[in-house]
Amino acid sequence: MLEETIKIPIERIPILIGSKGNTRKEIEKNAKVKLDIDSKTGIVNIVVTQGDAVKLEQALSIVQAIARGFNPEKALLLANDEYYFEIINLKDLVGKSEKAREAIKARVIGKKGKTCTVFYLDRVNNNFLVIIKRYRIHT
């Protein structure tokens, strides 16, 4: 049996589950997995019920996207083979220079955060972007 365990921020658990469990049910249906969610620890166990490792990776991407700040509607697009999820660490792109990272962030976020209101949708390329300061897991 294929399975993966991930820890997500506790404050994102209600979003992962959704109203009346609807988001969880959609993830389970679309990715053909079973989610075992511990709301006290933030531990999410993903078990493939039908399919292969591709389904596991899709479900993992959906959960990671929600954990990182995407709304479930956008995250569920990852069940489609035409979408993928990528985390870009600015440190990997510009090095250790805090000044260089701040310059890149400023260009992406915009003046007084006008560009970054959580989601940025590029209508031409159908890209979705969430900007977060840091990914913190509460223990």
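Two residues are in contact when heavy atoms lie within 4.5 Å. Helices (H or I, at least four residues) and strands (E, at least two) are DSSP runs, numbered from the N terminus. This is a predicted model, in which local features need pLDDT of at least 70 and side-chain atom pairs count only at pLDDT 80 or more, while totals for chains, interfaces and linings use all residues. Residues are numbered from 1 along each chain as its sequence is written, and side-chain values use heavy atoms, with hydrogens and water left out.

**The whole chain.** Select the protein and colour it by element: there are 6 helices and 5 strands. From the N terminus on, the order is β-α-α-β-β-α-α-α-α-β-β. Of the 139 residues, 31% count as buried (under 20% relative accessible area; exposed is over 50% and partly exposed in between, with a 1.4 Å probe and protein chains only).

**Helix 3.** Next, select residues 53-68, which form helix 3. This helix has 16 residues and reaches 22 Å from its first C-alpha to its last, close to the 22 Å expected at 1.5 Å a residue (the expected span is 1.5 Å times one less than the number of residues). Its buried residues include Leu56, Leu60, Ile62 and Ile66. Which elements do the buried residues of helix 3 pack against? They pack against strand 1 (3-7), helix 1 (13-17), helix 2 (22-31), strand 2 (33-38), strand 3 (43-48) and helix 4.

**The ends of helix 3.** Select Asp52 and Val54. Asp52 caps the N-terminal end of the helix, with a side-chain oxygen 3.0 Å from the backbone nitrogen of Val54. Then select Gly69, which follows helix 3 and has a positive phi, near 125°.

**Val63.** Select Val63, a residue of helix 3. Val63 is buried, with a relative accessible area of 0%. Leaving aside neighbours within four places in sequence, Val63 is in contact with Ile6, Ile8, Leu16, Leu35, Val44 and Ile46.

**The aromatic pair.** Finally, select Phe70 and Phe85. Rings of Phe, Tyr and Trp (its six-membered ring) pair if their centres lie within 6.5 Å; planes under 30 degrees apart count as stacked, over 60 as edge-to-face and the rest as tilted. By this rule the count comes to 1 aromatic pair. Phe70 and Phe85 form an edge-to-face pair, 6.1 Å centre to centre with 75° between the planes. Both residues are buried.

Methods:
Polar contact = N/O pair within 3.5 Å; in protein donor to acceptor, adjacent residues only side chain to side chain.
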